[in-house]
Amino acid sequence: MEELRERPGPPWRRWVERTGRGPAWRSALLVAVFTQIGAGWAAHAQSGRVALDGFARLLLLTGPALLVVRHRYPVAVAYGVSVVTLVYVGAGYPYGPVFLGLALACFAAVVAGHRRAAWGAAGLFWAGNLLIGHWLYRWLPPAGDGPASWAQELGVTAWVLAVLAVAELVRVRREQWARERAERAAAERRRVDEERLRIARELHDVLAHSISVINVQAGVGLALLDSDPEQARTALATIKAASKEALGEVRQVLDTLRSPGEAPRSPAPGLDRLSELVEQAAAAGLTVEVSAEGEARALPPGVDLAAFRILQEALTNVVRHSGSRTARVRLVWQPHALELRVDDDGPATAGTPGGSGNGLVGMRERAAALGGTVEAGPRPDGGFRVIAVLPPKAGVVEEDL
């Protein structure tokens with residue numbers, strides 16, 4: 001079974017998936033350096049603002065310092081950076097890259113799932129900036145400053161909305177990709193479970209049939225060991241052949257586990273080996289009469305294997321649980337289905353007629369996996385009957401062999 005592998009995506013996807021997961025101090029340090037240098041340039045370009053002093057430099061360091069813990073405390077950092085940025089703007093210092101720290105804090109909060117906090121912090125800054133620019137400017141530095149232009153306010157609003165929109169886009173895409181990964185992982189687990197069920201079913205059918213034959217022949221050998229040594233020898237030879245065949249089929253099933261993806265060394269059994277089932281049943285003292293109706297045709301591998309295993313299990317149940325020494329197998333080739341019928345005249349020798357139920361469950365599961373059905377139960381005139389209907393046509397769900 002191949003392991004689930006993630007294919008590397010385009011660079012922008014890798015960037016989106018890594019955002020918010022790397023060391024926070026690196027980006028915080030980069031923001032600190034950029035704001036310190038950029039604020040100096042902005043001070044030269046904006047002569048009407050308050051010159052940068054020690055307090056301004058401290059504010060420009062405080063925002064990036066808070067960003068170091070933004071992954072652990074995204075809500076507190078978003079509001080904290082928003083307040084620091086408002087204090088910087090309210091003190092009359094030059095506009096510039098100081099807003100980068102706020103953008104990164106709000107972005108981190110949205111990506112972490114704290115959307116309300118991010119929008120609240122951005123809204124706090126927007127409202128505070130609006131209040132400073134159109135009312136509090138009278139009492140705040142620089143002296144003689146007038147109200148801010150509405151074009152500037154529209155620019156600030158657009159900047160805030162753009163930052164939040166990009167953050168929301170990143171969040172949505174990351175959640176979508178996370179769901180896709182979870183769905184792929186769940187599908188892979190389902191395939192693994194289905195493969196385990198298939199292998200368990202194969203082992204059950206192989207071992208149940210072979211051990212039933214071995215059990216019957218062992219009883220015959222013990223009963224005839226003294227009175228008819230030659231017949232006892234024949235029973236032992238049958239036991240040896242049945243055990244050898246069982247070991248071969250078990251090895252074939254286990255090879256699919258050791259060498260996943262490789263073709264099996266021998267073909268899976270199908271109806272072409274029905275004569276072998278008849279011979280094995282005869283060795284166990286059961287005479288099997290086989291008849292067919294309709295035109296036989298090639299079956300898909302999964303259907304062919306299921307038909308073989310269903311007949312094998314049905315004949316095994318006759319050997320183990322029926323007093324009849326004769327069974328009748330009938331194959332009815334219908335236009336859109338293959339019907340398998342196995343009858344014995346009974347009576348049941350021990351336990352529930354037809355077996356313990358585990359074999360019947362396995363037969364029904366095999367048929368259901370292909371879109372078919374299995375019905376089993378006592379006949380009105382005595383004995384037991386198993387009827388399986390399989391759809392041997394294109395488009396059925398087949399087992400992976």
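**Helix packing in a predicted model**

Helices α3 and α4 are roughly antiparallel to each other. For the angle classes, under 35 degrees counts as roughly parallel, over 145 as roughly antiparallel, 65 to 115 as roughly perpendicular, and the rest as oblique. Helices here are DSSP runs of H or I with at least four residues, strands are runs of E with at least two, and both are numbered from the N terminus.

Before going on, the ground rules. This is a predicted model, in which local features need pLDDT of at least 70 and side-chain atom pairs count only at pLDDT 80 or more, while totals for chains, interfaces and linings use all residues. Residues are numbered from 1 along each chain as its sequence is written, and side-chain values use heavy atoms, with hydrogens and water left out.

Back to the pair. The axes of α3 (residues 54-67) and α4 (residues 74-90) cross at roughly 165 degrees and come within 9 Å. Axes are lines fitted to C-alpha atoms, for helices over the stretch in contact, and the angles between N-to-C directions run from 0 to 180 degrees. On the α3 side, the contact is made by Phe55, Ala56, Leu59, Leu60, Thr62, Gly63, Leu66 and Leu67, and on the α4 side by Val77, Gly80, Val81, Val84, Val87 and Tyr88. Contact means heavy atoms within 4.5 Å. By class, these residues divide into 11 nonpolar, 3 polar and no charged. Ala, Val, Leu, Ile, Met, Phe, Trp, Tyr, Cys and Pro count as nonpolar, Asp, Glu, Lys and Arg as charged, and the others, Gly among them, as polar.

Staying with α4: this helix has 17 residues and reaches 24 Å from its first C-alpha to its last, close to the 24 Å expected at 1.5 Å a residue. The expected span is 1.5 Å times one less than the number of residues. Which elements do the buried residues of α4 pack against? They pack against α2, α3, α5 and α6. Among those buried residues are Pro74, Ser82, Thr85 and Gly90. Buried means under 20% relative accessible area, exposed over 50%, and partly exposed in between, with a 1.4 Å probe and protein chains only. Just after α4, glycine 92 takes a positive phi of about 85 degrees.

The second pair is α2 (residues 24-45) and α5 (residues 98-111), which pack at an angle of about 160 degrees with their axes 8 Å apart. This pair is therefore roughly antiparallel too. The crossing of α2 past α5 is right-handed. Ser27, Val31, Phe34 and Thr35 of α2 meet Val98, Leu100, Gly101 and Leu104 of α5. That contact has 5 nonpolar, 3 polar and no charged residues.

Valine 98, in α5, is worth a look. Its relative accessible area is 11%, so valine 98 is buried. Not counting residues up to four places away in sequence, valine 98 touches Thr35, Leu60, Thr85 and Tyr88. From valine 98 to valine 31 there are 67 residues in sequence but 8.9 Å in space, C-alpha to C-alpha.

Is serine 212 buried or exposed? Serine 212 is buried, because its relative accessible area is 5%. Leaving aside neighbours within four places in sequence, serine 212 is in contact with Leu207, Thr316, Val319 and Arg320. Helix α10 covers residues 301-321, and its end C-alpha atoms are 30 Å apart, in agreement with the 30 Å its 21 residues should span. α10 is mostly covered, with 19 of its 21 residues buried.

Two local points. The peptide bond from proline 141 to proline 142 is cis, with omega near 0 degrees, and proline 142 lies in the loop between α6 (115-134) and α7 (150-224). Glycine 377 is in strand β4 (residues 373-378) and counts as buried at 17% relative accessibility. Beyond four places in sequence, glycine 377 touches Phe384 and Arg385.

Finally, the whole chain. The secondary structure comes to 11 helices and 5 strands. Of the 401 residues, 42% are buried. Among contacts with a separation of 6 or more, 75% are between residues 24 or more positions apart.

Definitions and conventions:
Left-handed = near helix turned anticlockwise from the far one by under 90°.
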